[in-house]
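Student: I would like to go through this structure with you, cavities and ligands included. Shall we take it step by step?

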Amino acid sequence: MEFVDEIIETGGPILGTEHIESLRVCMQCGKCTGGCPSGRLTAIRTRKLVLEALLNMRDEVLSSDELWLCTTCYTCYERCPRNVKVTDITRTIRNIAAKEGYLALSHRMASSYVVKTGHAVPINDANKENRKKLGLPEVPPTTHTYKEALQGIQSLVKKTGFDELIGFDWETMNLKE
Ligand code: SF4
Ligand code: SF4
């Protein structure tokens with residue numbers, strides 16, 4: 001199977017086949033790369049990732065560090081003159097990469113915080129202070145307030161196998177080495 005077809009088959013049932021199929025009409029204009037905020041500071045070249053996907057360079061794309069440098073800001077998605085749904089295509093490719101063991105450590109770590117606290121970025125003292133200055137409760141009405149909701153999240157993590165996907169160790173409550 002061509003890599004493009006695999007991407008459509010994976011992302012289509014979740015985001016819509018037509019949505020992901022937009023990948024096929026990329027004309028390599030580079031507007032995505034030109035506007036990518038992450039690309040100004042990192043090695044990600046969005047146009048190149050799209051091209052490699054179209055050229056059936058499956059292994060190169062899935063094992064690429066660049067794949068994980070997208071912040072999912074959706075700028076490329078908004079700018080693309082061909083309406084290629086770039087960000088959602090990138091997310092779909094990441095799903096395939098994660099299942100093949102290429103999930104980046106930084107993403108595994110953020111995921112482990114979700115498992116441990118319910119937040120990819122748990123609140124810190126500085127943000128608590130800022131919230132107080134704005135007249136807000138010190139912590140938001142999330143798992144930070146409703147600790148019992150964390151059990152629901154952890155139960156979902158186990159049922160979906162997300163813990164296995166990120167390599168989470170329930171005994172140490174950390175990532176496996
Ligand atoms: S902006 Fe759209 S058409 Fe242009 S290179 Fe990026 S994905 Fe392709
Ligand atoms: S969604 Fe990702 S690839 Fe697109 S502009 Fe934002 S950081 Fe760059």
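Student: By class, how many nonpolar, polar and charged residues are in the lining of the second largest cavity?

Tutor: This is a predicted model, so keep that in mind throughout. The second largest cavity has a volume of about 90 Å³. It is lined by 14 residues, with C26, C29, C32, C80 and V84 closest to its centre. By class, that lining holds nine nonpolar, two polar and three charged residues.

Student: Which elements give two or more residues to the lining of the second largest cavity?

Tutor: The lining has 14 residues, C26 and C80 among those closest to the centre. Two elements give two or more residues to it: α3 (31–35) and α4 (46–54).

Student: By class, what does the shell around ligand 1 have?

Tutor: K31 and R47 are among the residues around ligand 1, and Lys and Arg count as charged. Cys, Met, Pro and Val count as nonpolar. The shell has eight nonpolar, two polar and two charged residues.

Student: Is C29, in that shell, buried, partly exposed or exposed?

Tutor: Buried means under 20% relative accessible area, and exposed means over 50%. C29 has 43% relative accessibility, so C29 counts as partly exposed.

Student: Where does ligand 2 sit?

Tutor: The residues around ligand 2 are C36, P37, S38, T46, C70, T71, T72, C73, Y74, T75, C76 and T87. The largest cavity has 16 lining residues, and C36, T46, C70, C73 and C76 lie nearest its centre. Ligand 2 sits in the largest cavity.

Student: What is the volume of the largest cavity?

Tutor: The structure holds three cavities of 30 Å³ or more. The largest of them has a volume of about 110 Å³.

Student: Which element gives the largest share of the lining of the largest cavity?

Tutor: Two elements give two or more residues to the lining of the largest cavity, α6 (75–79) and α7 (86–99). The largest share is three residues, and it comes from α7.

Student: Is C70 buried or exposed?

Tutor: The cut-off for buried is under 20% relative accessible area. C70 is at 14% relative accessibility, so C70 counts as buried.

Student: With cysteines around both ligands, how many disulfides does a search of the whole structure find?

Tutor: C26 and C29 are among the residues around ligand 1, and C70 and C73 are among those around ligand 2. A disulfide needs a pair of cysteine sulfur atoms within 2.5 Å. The search finds zero.

Student: What is phi of Y74?

Tutor: Y74 is one of the residues around ligand 2 and lies in the loop between α5 and α6. Most residues other than glycine have a negative phi. Y74 is not a glycine, yet its phi is positive, about 75°.

Student: Which loop holds N56?

Tutor: N56 also has a positive phi, near 65°. At a relative accessible area of 32%, N56 is partly exposed. N56 is found in the loop between α4 and α5 (58–62).

Student: Which element gives the largest share of the lining of the largest pocket?

Tutor: The largest pocket has a volume of about 360 Å³. Its lining has 15 residues, of which W68, R91, R94, N95 and A98 lie nearest the centre. Elements giving two or more residues are α1 (3–15), α7, α8 (105–117) and α11 (162–166). The largest share, six residues, comes from α7.

Student: How many helices and strands are there in the protein?

Tutor: Along the sequence, the pattern is α-α-α-α-α-α-α-α-α-α-α-β-β. That gives eleven helices and two strands.

Key:
Residues are numbered from 1 along each chain as its sequence is written. Chains are lettered from A and ligands numbered from 1 in the order in which they are written. This is a predicted model: local features need pLDDT of at least 70, side-chain atom pairs count only at pLDDT 80 or more; totals for chains, interfaces and linings use all residues. Side-chain values use heavy atoms; hydrogens and water are left out. A residue is near a molecule or strand if one of its heavy atoms lies within 4 Å of it. Buried means under 20% relative accessible area, exposed over 50%, partly exposed in between (1.4 Å probe, protein chains only). On a 1 Å grid over the protein atoms alone, a cavity is a set of points where a 1.4 Å probe fits but cannot get out, and a pocket is an open set with protein on both sides within 12 Å along at least five of seven lines; lining residues have an atom within 4 Å of a point. Grid points are joined across faces, edges and corners, and a volume is the space filled by probe spheres set on the points. Helices (H or I, at least four residues) and strands (E, at least two) are DSSP runs, numbered from the N terminus. A molecule sits in a cavity or pocket if more than half of its atoms lie within 2 Å of its grid points.
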